Amino acid sequence: VGSTNNCAAPPATVAVYVRPILVVMLSVSADTICRQGVLSLSATGAVTYIWQGVGLSAVTGGMVTAMPDTSGLITYSVTGSANGCTAVPKKREVWVRPRPQIVASADRLGICLGDTVTMSAVGAETIFWNGPGLLSFSGAAVEASPQQTGTISYQVSGNTAGCAAQAASVSIDVNNNALSAAITVSACPGP
């Protein structure tokens, strides 16, 4: 309210538009993933977004993916903005399981053709084997009787809680055990 020459002016009204509080929603495809697995993250409620976290495919956009190459509890956060207003950052924690490590061995690294070798592996809940002459293809211990000579390689894979293990291998030297005999015949002396 103002006055001029002791005359009161009518009150003036100023309209101020107050934008509503900006609220960003953050969602993730899973709360637990495997190391080097793919996680999808999406945000809504704003126009532009800025992301922070490990292994992100991008740091802007409403939807991003992450492939963390580490294990443990990881925090992802997103900050959204719209019409000059910035929302309070939203955060989500994701548990990243470590990648299982398989260690494989054999009771003998050299055998004869036709012999059987026993191989074992540890480090994963489920273990699979691949190679020639295997008598079984899964389990912590298997046997093989390769029918060829040379260095034979057996591949070992597996998983724990749905997480693929780092593959391992075992090499066996297979030797030919055949023996050769030479027979010399001497001519009988004549009469």
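**Close-up 1. Strand 8 and its partner strands.** Seven bridges connect strand 8 (residues 72-82) with strand 10 (residues 90-97), and the two run antiparallel. Strands here are DSSP runs of E, at least two residues long, numbered from the N terminus, and two of them pair if DSSP finds at least two bridges between them. The view comes from a predicted model, in which local features need pLDDT of at least 70 and side-chain atom pairs count only at pLDDT 80 or more, while totals for chains, interfaces and linings use all residues. Residues are numbered from 1 along each chain as its sequence is written, and side-chain values use heavy atoms, with hydrogens and water left out. To find your place in the pairing with strand 10, look for Tyr 76, whose bridge partner is Arg 92. Strand 8 also pairs with strand 6 (residues 48-52), again in the antiparallel sense, this time over five bridges. Here Trp 51 has Val 78 as its bridge partner.

**Close-up 2. The hairpin of strand 8 and strand 9.** Follow strand 8 to strand 9 (residues 85-86), and you find an antiparallel pair joined by two bridges. One of the bridges links Ala 82 to Cys 85. Two residues sit between the strands of this hairpin, and Asn 83 takes a positive phi near 55° there. Most residues other than glycine have a negative phi. How accessible is Asn 83? Its relative accessibility is 60%, so Asn 83 counts as exposed, the cut-off for which is over 50% relative accessible area, with buried meaning under 20% and partly exposed in between (1.4 Å probe, protein chains only). Cys 85 is partly exposed, at a relative accessible area of 25%.

**Close-up 3. The alternating side chains of strand 3.** In a regular strand the side chains alternate between the two faces of the sheet. Strand 3 pairs with strand 5 (residues 39-44) in the antiparallel sense, over four bridges. In that pairing, Leu 26 has Ala 43 of strand 5 as its bridge partner.

**Close-up 4. Gln 36 in its loop.** Gln 36 belongs to the loop between strand 4 (32-34) and strand 5. What is the phi of Gln 36? The value is near 70°, which is positive in a residue other than glycine. With a relative accessibility of 38%, Gln 36 counts as partly exposed.

**Close-up 5. The disulfide between Cys 34 and Cys 163.** The structure holds one disulfide, a term used for a pair of cysteine sulfur atoms within 2.5 Å. Cys 34 and Cys 163 form the disulfide, with their sulfur atoms 2.0 Å apart. It links distant parts of the chain, as Cys 34 lies in strand 4 and Cys 163 in strand 17 (residues 163-164), 129 residues apart. Is this disulfide left-handed or right-handed? The torsion about the S-S bond is about -90°, so the disulfide is left-handed. Cys 34 counts as buried at 19% relative accessibility, and Cys 163 is buried too, with a relative accessible area of 1%. Elsewhere, Cys 112 is partly exposed, with a relative accessible area of 31%.

Close-up 6. Strands of a sheet pair through backbone hydrogen bonds, either parallel or antiparallel. In this sheet the pairing is antiparallel, and the three strands follow the order 11-13-15. Strand 11 (103-106) and strand 15 stand at the edges with a single partner strand each, so one side of each is left without a neighbour in the sheet. Neighbouring strands of the sheet are turned by 20° against each other on average, direction ignored; the axes are lines fitted to C-alpha atoms, and angles run from 0 to 180 degrees between N-to-C directions. Four bridges join strand 11 to strand 13 (residues 117-122), and Val 103 has Val 122 of strand 13 as its bridge partner.

**Close-up 7. Leu 134 and its contacts.** The loop between strand 14 (126-130) and strand 15 (141-144) holds Leu 134. Leu 134 is buried, at a relative accessible area of 10%. Which residues does Leu 134 touch? Not counting residues up to four places away in sequence, they are Met 119, Trp 129, Val 142, Glu 143, Ala 144 and Tyr 154, where contact means heavy atoms within 4.5 Å. Look also for Ser 145, eleven residues from Leu 134 along the chain: their C-alpha atoms are separated by 6.4 Å.
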